[in-house]
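Subject: Structure handover

Hello,

Here is the structure I promised to pass on. Please open it first, then read my notes below.

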Amino acid sequence: MNNVMFAWIRKEITDSYRSGRMIIFLIVCFGIGLMNPIVAKLTPKLIELMQDQMAEMGMIYDPPEVTALTSWEQYVKNIWIPLLVFVLMFGNIFTKEYSAHTLTPMVTKGLAKTTVLWGKAILLILLWTAGYAVYFGVTLMYTEYYWGTEAYLMRRVWDMTAMFYLYSVFILALLVFFSVLWREYSGVLVSMVAVLGLEMVFGMIPKIAKVIPGRISSPGMLLQKGYEDRYEYALRDFAVPLIVTLVVIVALFVLSTILMKRKSVD
């Protein structure tokens, strides 16, 4: 990484910090990560408090046994929330420059457009990685404190976390690509929603569903139990969509670079 790129990334990080978005995002990730074990811990107590009312309605429901698995199930249920918050908070990282015409003087003075592209792309990946690490780390810390996680389950947790991280980078690659393609933030969001919608449609076709990136967007499948209480899926069952996702990520960044070189920043 050359000095110009490093200086550009440092400038972008400073701007994100001063605007407060970085801190807010990390706080959100901390809060959601904390919520996973707390909800798991409090659910039986809430059910106990409601048992009298439920009994009057003729409903008998014993509080479920809470374990580390309960907390990690909450972790999977909420795993999309930090990513959606991130896209909404930082999705205009390119388009705001177009609308404010702040790139023109910098490019005129010699700043390469590819430096702008990769500086912002690296910033997005760094910020998301930090937030995702906070989300995972807080859940892990409190889950270990309350219950501890057995080794076999922890391996599943690491697999889930890695699988969704790759999918999240795919989402960021889409964000970068559409931000180069469109000048308006609304265009970026609509395009991303359209891609996710197409994933849902193709996900209904079994042969296609097994290979598209959307296949790895639900890491909770790694916690599903099958025959004789064994896990139904292993990470190797997702080898093809993992490879396809990686190839698509590379292709999106390459296309973004090519388009950025040809794009006018006026």
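The face of H1 turned away from its buried side carries four exposed residues: Asn 3, Arg 10, Tyr 17 and Arg 18. Exposed here means over 50% relative accessible area, buried means under 20%, and partly exposed lies in between (1.4 Å probe, protein chains only). Helices (H or I, at least four residues) and strands (E, at least two) are DSSP runs, numbered from the N terminus.

Two points on the source. This is a predicted model, where local features need pLDDT of at least 70, side-chain atom pairs count only at pLDDT 80 or more, and totals for chains, interfaces and linings use all residues. Residues are numbered from 1 along each chain as its sequence is written, and side-chain values use heavy atoms, with hydrogens and water left out.

**Helix H1**

Which residues of H1 are buried? They are Met 5, Trp 8, Ile 9, Glu 12 and Ser 16. Seen down the axis of H1, these buried residues fall within an arc of 95 degrees, so they line one face of the helix. That arc is taken from the directions from the helix axis to the C-beta atoms. An α-helix has 3.6 residues a turn, so residues three or four places apart point the same way.

The length of H1 also checks out. At 1.5 Å a residue, its 17 residues should span 24 Å, and its end C-alpha atoms are 24 Å apart, which agrees. The expected span is 1.5 Å times one less than the number of residues. After H1 comes Gly 20, whose phi is positive, near 90 degrees.

**Salt bridges**

A salt bridge is a side-chain nitrogen of Lys or Arg within 4 Å of a carboxyl oxygen of Asp or Glu. How many are there by this rule? The count comes to 3.

- Lys 11 and Glu 12 meet through their side chains, at 3.3 Å from N to O.
- Lys 11 also pairs with Asp 15, with the closest N and O atoms 3.2 Å apart. Both residues lie in helix H1 (residues 3–19), 4 residues apart, about one turn of the helix.
- Lys 120 pairs with Glu 12, with the closest N and O atoms 3.1 Å apart. This pair links distant parts of the chain: Lys 120 is in helix H7 (residues 113–146), Glu 12 is in H1, and 108 residues separate them.

Together, Lys 11, Glu 12, Asp 15 and Lys 120 are linked in a network of salt bridges. Lys 120 and Glu 12 are both buried. Glu 12 has 2% relative accessibility. Lys 11 is partly exposed at 30%. Asp 15 is partly exposed too, at 32%.

**The largest pocket**

On a 1 Å grid over the protein atoms alone, a pocket is an open set of points where a 1.4 Å probe fits, with protein on both sides within 12 Å along at least five of seven lines. Grid points are joined across faces, edges and corners, and a volume is the space filled by probe spheres set on the points. The largest pocket holds about 200 Å³ of space.

Lining residues have an atom within 4 Å of a point. Here they are Trp 80, Tyr 167, Leu 196, Glu 199, Met 200, Gly 203, Ala 209, Ile 212, Gly 214, Arg 215 and Ser 217. Which helix gives the most to this lining? Helix H9 (residues 185–202) does, with 3 residues. By class, the lining has 6 nonpolar, 3 polar and 2 charged residues. Ala, Val, Leu, Ile, Met, Phe, Trp, Tyr, Cys and Pro count as nonpolar, Asp, Glu, Lys and Arg as charged, and the others, Gly among them, as polar.

**The whole protein**

The secondary structure comes to 11 helices and 0 strands. Along its principal axes, the C-alpha trace spans about 70 × 45 × 35 Å. Of the 266 residues, 42% are buried.

Arg 230 sits in the loop between helix H10 (206–209) and helix H11 (239–262). Arg 230 is exposed, at 56%. Arg 230 and Leu 181 are 49 residues apart in sequence and 46 Å apart in space, C-alpha to C-alpha.

Gln 224 is found in the loop between H10 and H11. Gln 224 is partly exposed, at 34%.

Leu 103 belongs to helix H6 (residues 103–108). Leu 103 is buried, at 2%. Its C-alpha atom is 8.5 Å from that of Val 116, 13 residues away along the chain.

Best wishes
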